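Here are a few friendly notes to read alongside the structure. Keep the 3D view open and look for each element as it comes up.

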Amino acid sequence: MAEEQPTTTLVTPEKLPSSDLTPPEVSESTQEVLPRETVTPEKETETNPPESAETTTKSEEETAEEHHPPTVTETETASTEKQELGEESSSQKEVAEEKKSMIPQNLGSFKEESSKLSDLSNSEKKSLDELKHLVRDALDNHQFSSISKPEDTNNTPEEVKIWGIPLLEDDRSDVVLLKFLRARDFKVKDSFAMLKNTVKWRREFKIDELVEEELVDDLDKVVFMHGHDREGHPVCYNVYGEFQNKELYNKTFSDEEKRKHFLRTRIQFLERSIRKLDFSSGGVSTIFQVNDMKNSPGLGKKELRSATKQAVELLQDNYPEFVFKQAFINVPWWYLVFYTVIGPFMTPRSKSKLVFAGPSRSAETLFKYISPEQVPVQYGGLSVDPCDCNPDFSLEDSASEITVKPGTKQTVEIIIYEKCELVWEIRVIGWEVSYKAEFVPEEKDAYTVVIQKPRKMRPSDEPVLTHSFKVNELGKVLLTVDNPTSKKKKLVYRFNVKPL
């Protein structure tokens, strides 16, 4: 994201008001300073009183010790712009298209069970103890080995690892076994049979060796991990639209050998991701998956359909209870057909974890589960690709969300109590609004600095705007978004303060 510099100039009054701080530093481009009396906020908000002059003249050491963070208020007023008929018809068209697609909005509620062993019910504890007993007998008698020999039963118990965790070695093994129990509704014999089949498949597929291999993989934009959801689950993104690239598609699916390689790379990616999870009691041992259906090749590609079916079967049989949520975004009309194909291979429990959203509601749906600073820019958030450079913000810098109602104006007021440089990012999903930024000094006779003149933002404009402003006197920065459309908008922003 390129940083957008303030577009303002400074006009110095003949007599500056007395202050312990110097006037704000600004660029010499087209910056504009307005008399304070020309700015009349439509709604006043009570705030904490600013520091006294005595406080602002303290030494740098004392100032650091008594640092006062900015105060933020959010004010809603009536829009000052006329509604554009083109925007209204566009909004109505989006709603009509989404209704026409008949995308399922809810396939049942789901609440993730606790991974704390102490939270298990008595019947669940009993089932876990029974399964552990069966596993112990199997280890002692080498029942997990692909070829059992009579003399092996007198040797030391065999060691079996799943996802890097040795069975029955510590409490992490209990969390692993719970996944198999929950996948089979705590039916001990069925869970044990599933566990044995999984161990057998892992040995035949040579999973432990696969994890260490250096496979050639051009699919880093197709499947990738990025950030965490609001509950700490790592988020995995699957971007099917990348397969519209014919060269990539043919390189991945054109023959059986390439499809096998594709499957191996995906299993390797999954295994490496799983081994970063926390299998301790109460830890996060599931993943939030986001499936981007935008521009997906669809069911017309038989090679993709075949590979998807095979992958789903393997995941269902050998990776139980690893998905916290499955969010499908940018869902097209044909997805119901796609869902009909994969549905029979999914358990009712898996279906209950599904979340669907059409193109116009994808960002809003993701924000319900993932904070905006954790969501990649291409999906409506503020987080840039890890390969890009964003020195001002990181995943740890939290963002705020505001819903800007139709025909209203939203102002974010950031009150500054000390000399600093304020850096902020702001975006409105889909834009189609006007945005401006200004600095209002505390002194009554001071001039308002226009940091960004009112600018009509279009969806094709830069998705995230970045500004910085050096504050050398007490006052407040106002970020204003004017929404003249008939559609509510989601405003996302965050800021950092850098002492001068």
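This is a predicted model: local features need pLDDT of at least 70, side-chain atom pairs count only at pLDDT 80 or more; totals for chains, interfaces and linings use all residues.

**Notes on the sheet and its neighbours**

1. To find one of them, look for Gln 326, whose bridge partner in β9 is Leu 354.

2. Now zoom out to the whole sheet. It is open and has five strands, in the order β5-β6-β7-β8-β9, with mixed pairing. Which strands stand at the edges? They are β5 (223-228) and β9 (354-356); each has a single partner strand, so one side of each is left without a neighbour in the sheet. From one strand to the next, the twist averages 20 degrees.

3. Next, look at what packs on the sheet. Helix α9 (residues 256-274) touches β5 and β6 (234-239), and its direction makes about 20 degrees with that of β5. Helix α13 (residues 362-369) lies across β7 (287-292), β8 and β9. The direction of α13 is at about 165 degrees to β8.

4. Finally, a word on cysteines. A disulfide is a covalent bond between the sulfur atoms of two cysteines. How many disulfides does the structure hold? The count is zero.

5. Are Cys 236 and Cys 420 buried or exposed? The cut-off for buried is under 20% relative accessible area. Cys 236 has 5% relative accessibility, so it counts as buried. Cys 420 is at 1%, and therefore counts as buried too.

Definitions and conventions
Residues are numbered from 1 along each chain as its sequence is written. Side-chain values use heavy atoms; hydrogens and water are left out. Two strands pair if DSSP finds at least two bridges between them. Helices (H or I, at least four residues) and strands (E, at least two) are DSSP runs, numbered from the N terminus. Axes are lines fitted to C-alpha atoms, for helices over the stretch in contact, and angles run from 0 to 180 degrees between N-to-C directions. Contact means heavy atoms within 4.5 Å. A disulfide is a pair of cysteine sulfur atoms within 2.5 Å. Buried means under 20% relative accessible area, exposed over 50%, partly exposed in between (1.4 Å probe, protein chains only).
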